[in-house]
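Open the model in your viewer and keep the selection tool at hand. Each stop below says what to select and what is there.

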Amino acid sequence: MSPWGYLLFTAWAALATTMTAGWWLMGLALVELAFGLMWSRRGLRLLHRPRFWAFVLSAVALGPFLIGEPDVAVGPLRLSRAGFTAGLEMAGRAFTLTLAFGLGIASLSLSDVVAVFDRLGLRGLGFATGLAMNLLGTLREMATVTLQTIWLRGGVRRPWTALRLFLVTTVANTLRYGDEVINAAAVRAFDPNGGQPAPLPLRRADLWLLALLAGYTGVLLAVGMW
Amino acid sequence: MSSYNVRSWVTIGLFGALWAVVEVTLGSYLHLIFPSQANTFLTGVVMGGIGVGVALTGRHFVPNRGSVLLIGVVTALLKLLSPGGAQLGPFVAIVMESVLMEAVLWIARTPRRWAFVVGGALAVGWNFFHKFVMMRLLFGKGIVEVYTKMVRDGSQMLGLDVSAAILIIAVLLLARLVVGGIGGWVAWELGGAVARRLGRRTPAASPH
């Protein structure tokens, strides 16, 4: 699937989540899971994270205590059935929206992001993103070395001076590193404002996705959910 | 965008990467020590304060309109593309912080100390509303009832008046604004100090 498909899916799923209620959220979750199994298995790893489930299920746990009037007694606890239902719906909404994001935009690779920006006429932003991604490790290493050097030279005794030195050195070194990148880009005649953008065509899977989403939207419209 | 040259984009990429380094390393560390379910204050304030410091320092070296927003977009994308970083919350927070900083700089027209301070304060102040906005977005309108009941029950449990709870909330917001303002002030001073040290004022005006 092309990056357009993932972007389309994220936009559609986010819109669908805000406009869907009740058990239809379950249907939406199933559509998202089907999408994940077919085109975004990496995004489904979100479901293996305990933190994700703790976040989603907190709504189910809190709902019976904090929403509506208590009408059921379970041992010493007085719970609200309406609260449980509302909590379940809240959890469903959080699940579908978070999953939509994880399966869609978050599944794009760096090269996909750069290609999309290039196609949208934002070549410079794509270049900056790619550059930043590639320099993350270098900048982290540089900051660590600066910190250790200041530490070894007695920075602990004068923490404010050490902090100032650290900040100035880190920013100055970052800019110096930038000069090297600029020279390299100039040698290769890179122009962020010129040139033809590389084509990023739709693929067959994008059309299948479009048909699937259109069908589901039609069902929601037919039952009056939208 | 045509006013942006190679140097502008490289500098945006570098400061976006610097902010992302802070988010990925220190942010992950703080989230591990203070899980977001238990702590909504410290992590956001620390990360927000450093983030606005980095982004506004970058503004010294890319004096084009929109540069702080673009630094924020790069950082948000890096956070998104980093392993285990596919989360909606930090993405929205970083983009919103940079939008607020950029809005203040846009109103100020030329870079000024007060604009850095106010922009920084508003950006970190956003963290206060971020949790509520994201919860409303993710959980729907039921979350409003949950929060109202929690404040009421919490006040009763601690023997406090509801107005005291509002006072606590106001203090938490004020603390964020102060930290953000300090972040903006530090960025102004730091950017100036580095520019003087490197002997350059408006690097984006260079030919490349």
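Select α4(B) and α5(B): their crossing is right-handed. A crossing counts as right-handed if the near helix is turned clockwise from the far one by less than a right angle, and as left-handed if anticlockwise. Helix α4 covers residues 88-108 of chain B, and its axis runs 8 Å from that of α5(B), at an angle of about 150 degrees. Axes here are lines fitted to C-alpha atoms, for helices over the stretch in contact, with angles from 0 to 180 degrees between N-to-C directions. Helices are DSSP runs of H or I with at least four residues, strands are E runs of at least two, and both are numbered from the N terminus.

This is a predicted model: local features need pLDDT of at least 70, side-chain atom pairs count only at pLDDT 80 or more, and totals for chains, interfaces and linings use all residues. Residues are numbered from 1 along each chain as its sequence is written, while chains are lettered from A and ligands numbered from 1 in the order in which they are written.

Stay on the helix pair and show side chains. On α4(B), the contact residues include G89(B), M96(B), L100(B) and A108(B). On α5(B), look for A115(B), G120(B), W126(B) and M134(B), among others. Contact means that C-beta atoms, placed from the backbone, lie within 7 Å. The residues of this contact divide into 14 nonpolar, 5 polar and 1 charged. Nonpolar covers Ala, Val, Leu, Ile, Met, Phe, Trp, Tyr, Cys and Pro; charged covers Asp, Glu, Lys and Arg; the others, Gly among them, are polar.

Next, select R109(B), in the loop between α4 and α5 of chain B. Its phi is positive, about 65 degrees, although R109(B) is not a glycine. Is R109(B) buried or exposed? It is exposed, because 9 other C-beta atoms lie within 10 Å. The cut-offs are 20 or more such atoms for buried, 12 or fewer for exposed, and partly exposed in between, with C-beta atoms placed from the backbone.

Jump to chain A for another positive phi. A189(A), also not a glycine, has phi near 55 degrees. Find A189(A) in the loop between α7 (159-187) and α8 (204-222) of chain A. A189(A) counts as exposed because it has 8 C-beta neighbours inside 10 Å.

Return to chain B and pick G53(B), in helix α2. G53(B) counts as buried, because it has 26 C-beta neighbours inside 10 Å. Which residues does G53(B) touch, not counting those up to four places away in sequence? They are G183(B), V186(B) and A187(B). Draw a distance to G120(B) as well: C-alpha to C-alpha it is 7.6 Å, across 67 residues of sequence.

Now select α3(B). Of its 15 residues, 14 are buried. From first C-alpha to last, α3(B) reaches 21 Å, close to the 21 Å expected at 1.5 Å a residue. That expected span is 1.5 Å times one less than the number of residues.

Zoom out to chain B. It has 7 helices and 0 strands. Buried residues make up 49% of its 208 residues.

Finally, show both chains. Their contact takes 44 residues from chain B and 48 residues from chain A. On the chain B side, α1(B) gives the largest share, 14 residues. By class, that side has 30 nonpolar, 10 polar and 4 charged residues.

Technical notes:
Two residues are in contact if their C-beta atoms, placed from the backbone, lie within 7 Å.
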